[in-house]
Amino acid sequence: MLPFASLDRTGDPLTLPVGAVLLRRACAGDAVYHVDRGRVALGVLGREGLTHQTGLVEGPLWLDAGDAVLGLAPVVDAVADTPIQVRRVPLAQFKASLEALPAPALTVLRDVARAHRQQAELAVSRLAKDAEARCAEWLLRHAEPAHDPAAARAVLLRQRKRTIAAQLGIAPETLSRVLRQLRERHLISGSGRVLNLLDPTGLRVLAGA
């Protein structure tokens with residue numbers, strides 16, 4: 001991270017509460033944030049907060065400088081994990097400070113920003129795979145003899161999907177999406193309270209068992 005003194009210091013000071021959203025994935029902003037004090041959680045945001053967390057950062061540091069350097073929208077959501085003090089620097093002003101840096105320093109900064117972004121993209125992509133693996137493991141663990149002759153085993157959903165999603169550490173929307181993908185891959189069938197396991201071997205592979 002660049003020290004704050006290396007770039008334009010001027011910016012709007014803000015004090016934000018726990019849960020305040022600073023960055024949204026795929027949404028380009030018009031400002032860059034420097035966290036003067038406090039902790040920010042990074043990850044994937046759902047309706048009730050972060051459904052997955054990829055990391056924690058603590059000030060003082062530039063929160064989204066790499067995205068601004070590359071001219072790209074954030075890869076992860078950022079939410080205040082504690083009360084924070086931040087400085088909001090307009091994007092045009094931040095970029096003007098970047099152009100004032102020596103050319104070799106700016107080249108290194110862009111390379112570092114590009115590498116950091118690739119790591120963040122990989123972390124987010126793994127979250128989706130982890131959700132599938134956790135769901136497959138849960139289905140196998142709760143499998144019972146099936147009444148449908150086409151299925152080897154079946155799972156009776158005795159709990160609400162929101163409760164099951166909470167057990168898996170994912171959002172209800174994510175659970176619905178994963179179940180739909182498993183149906184499309186012919187690993188399971190059924191859309192009511194009974195899910196038929198058509199391919200337990202495929203589910204075990206997906207779960208890493």
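The rule: on a 1 Å grid over the protein atoms alone, a cavity is a set of points where a 1.4 Å probe fits but cannot get out. Grid points are joined across faces, edges and corners, and the volume is the space filled by probe spheres set on them. This is a predicted model, where local features need pLDDT of at least 70, side-chain atom pairs count only at pLDDT 80 or more, and totals for chains, interfaces and linings use all residues. Residues are numbered from 1 along each chain as its sequence is written, and side-chain values use heavy atoms, with hydrogens and water left out.

**Cavity**

I put the largest cavity at about 50 Å³. Its lining (residues with an atom within 4 Å of a point) consists of Cys 135, Trp 138, Leu 139, Leu 157, Ile 164, Leu 168, Leu 175, Leu 179 and Leu 195. Helix 3 (103-141), helix 4 (161-168) and helix 5 (172-184) each give two or more residues to that lining; helix 3 gives the most, with 3. I took helices (H or I, at least four residues) and strands (E, at least two) as DSSP runs, numbered from the N terminus. By class, the lining has 9 nonpolar residues, no polar and no charged. Here Ala, Val, Leu, Ile, Met, Phe, Trp, Tyr, Cys and Pro count as nonpolar, Asp, Glu, Lys and Arg as charged, and the others, Gly among them, as polar.

**Helix 4 on helix 5**

Next I checked how these two helices cross. Their axes come within 8 Å and cross at roughly 95 degrees, which makes helix 4 roughly perpendicular to helix 5 (65 to 115 degrees). The axes are lines fitted to C-alpha atoms over the stretch in contact, with angles from 0 to 180 degrees between N-to-C directions. Lys 161, Arg 162, Ile 164, Ala 165 and Leu 168 of helix 4 meet Pro 172, Leu 175 and Leu 179 of helix 5, contact being heavy atoms within 4.5 Å. I sorted the residues of this contact into 6 nonpolar, no polar and 2 charged.

**Second largest pocket**

A pocket is an open set with protein on both sides within 12 Å along at least five of seven lines. I found 20 lining residues, with Cys 27, Ala 28, Gly 29, Asp 30 and Ala 31 nearest the centre. Strand 3 (31-37) is one of the elements supplying at least two lining residues, and gives the most, with 3. The lining divides into 12 nonpolar, 2 polar and 6 charged residues.

Ala 26, in the loop between strand 2 and strand 3, has a positive phi of about 65 degrees although it is not a glycine. I also noted a cis peptide bond from Gly 59 to Pro 60, omega near 10 degrees. Pro 60 sits in the loop between strand 5 (49-58) and strand 6 (61-62).

**Confidence**

The chain averages a pLDDT (the predictor's confidence in each residue, from 0 to 100) of 87, and 94% of the residues score at least 70. Over residues 1-5 the pLDDT is below 50.

Methods:
Parallel < 35°, antiparallel > 145°, perpendicular 65-115°, else oblique.
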